[in-house]
Amino acid sequence: MTGPLAGRTVLVTRPAHQAAVLAQAIRTAGGAAFEFPALAIEAVPLDELAAPLAQLAGADIAIFISPNAAQFGMAAIRAGGALPAATRIFAVGPGTLRALAAQGLDDVAMPDGQDSEALLALPQLNEVAGKRVVIVRGVGGRALLADTLRARGAQADFLECYRRVRPQADAAPLLACWQTGGIDAVTVASAETLHNLAALLGAPGAPLLRHTPLFAPHEKIAEAARRFGIADVIATPGGDAGLVEGLINWFRDNQ
């Protein structure tokens, strides 16, 4: 196989239902992808969402913070609520934008950046006094978005439609491959994924993880990996395309 990642095997830790695009992009660049989901996503049962779904009726703004929020949030909304036709919809990142488009939503605003700070810099979210905002996300997460919108005079509520959990996985095949030099790079899309990966690998995998280059599509995730003790951490542009770009650039410069 030829290509800029020829001879390299990259560990893909995305949830099973989201790993295919990144894995294929790695293969298209000539590399091999070892898929080992270190995070699983499960829907919050609809009967737990009755109150937040009821808030949608008066929503002026709905913000979807991730592709999972788009997928699981729209499934919950269609099953137990509705977005008013006049609701202004925002997405964090192009992956979320694409996921909303797949759900039939195409009039969606998105910032240039891929985090809450970039979203909050949009002019449309500076004048929100008296507006009702629903933030569609997973259980838990950062408070910055809601806190800032409330400080600007909005009523901000959450629709927490999915949970992140550590999957039940057998790490033995991965460890066997890694211990023989078969893993050249690790990709993670969240600090939680990294911590799950470490727990699944256990003590035998700790030195392997610390000394394998790790690629993260955001500086905040990269910072968490450095604090975790990873020796080589590379922050890449956002999304799967950014991860592949970062992998190609790093291996080109570190032959």
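Q: In what order do the five strands of the open sheet run, and how are they paired?
A: The order is β2-β1-β9-β10-β11, and the pairing is parallel. Strands here are DSSP E runs of at least two residues, helices are H or I runs of at least four, and both are numbered from the N terminus. β2 (32-35) and β11 (233-235) are the edges: each has a single partner strand, so one side of each has no neighbour in the sheet. From one strand to the next, the twist averages 25°. This is a predicted model, where local features need pLDDT of at least 70, side-chain atom pairs count only at pLDDT 80 or more, and totals for chains, interfaces and linings use all residues. Numbering starts from 1 along each chain as its sequence is written, and side-chain values use heavy atoms, leaving out hydrogens and water.

Q: What makes β1 and β2 a pair?
A: Pairing takes at least two DSSP bridges between two strands. β1 (residues 9-12) and β2 are joined by four and run parallel, so they count as a pair. One spot to look at is V10, which stands opposite A33 in β2.

Q: Which strands does α7 touch when it packs on this sheet?
A: Helix α7 (residues 172-179) touches β1, β2 and β9 (185-187); touching, or contact, means heavy atoms within 4.5 Å. Its direction makes about 145° with that of β2. Such angles run from 0 to 180 degrees between N-to-C directions, with axes fitted as lines to C-alpha atoms, for helices over the stretch in contact. α10 also packs on the sheet, against β1, β9, β10 (214-216) and β11, with its direction at about 145° to that of β10.

Q: What is the order of the six-strand open sheet, and which strands are its edges?
A: It goes β3-β8-β7-β4-β5-β6, with mixed pairing. β3 (40-43) and β6 (108-109) are the edge strands, each pairing on one side only. Within this sheet, β4 (residues 61-64) and β5 (residues 88-91) pair in the parallel sense over four bridges, with A62 partnered by I89.

Q: What makes the S190 and T193 side chains a polar contact?
A: The cut-off is a pair of N or O atoms within 3.5 Å, where, within protein, one must be able to donate a hydrogen and the other to accept it; residues adjacent in sequence count only if both atoms are side-chain atoms. The S190–T193 value is 2.7 Å, so it falls inside the cut-off. S190 itself sits in the loop between β9 and α8.

Q: Why is a space called a pocket rather than a cavity?
A: On a 1 Å grid over the protein atoms alone, a cavity is where a 1.4 Å probe fits but cannot get out, while a pocket is an open set with protein on both sides within 12 Å along at least five of seven lines; lining residues have an atom within 4 Å of a point. The largest pocket has 47 lining residues, with R14, I65, S66, P67 and A189 nearest its centre. α4 supplies the largest share, five residues.
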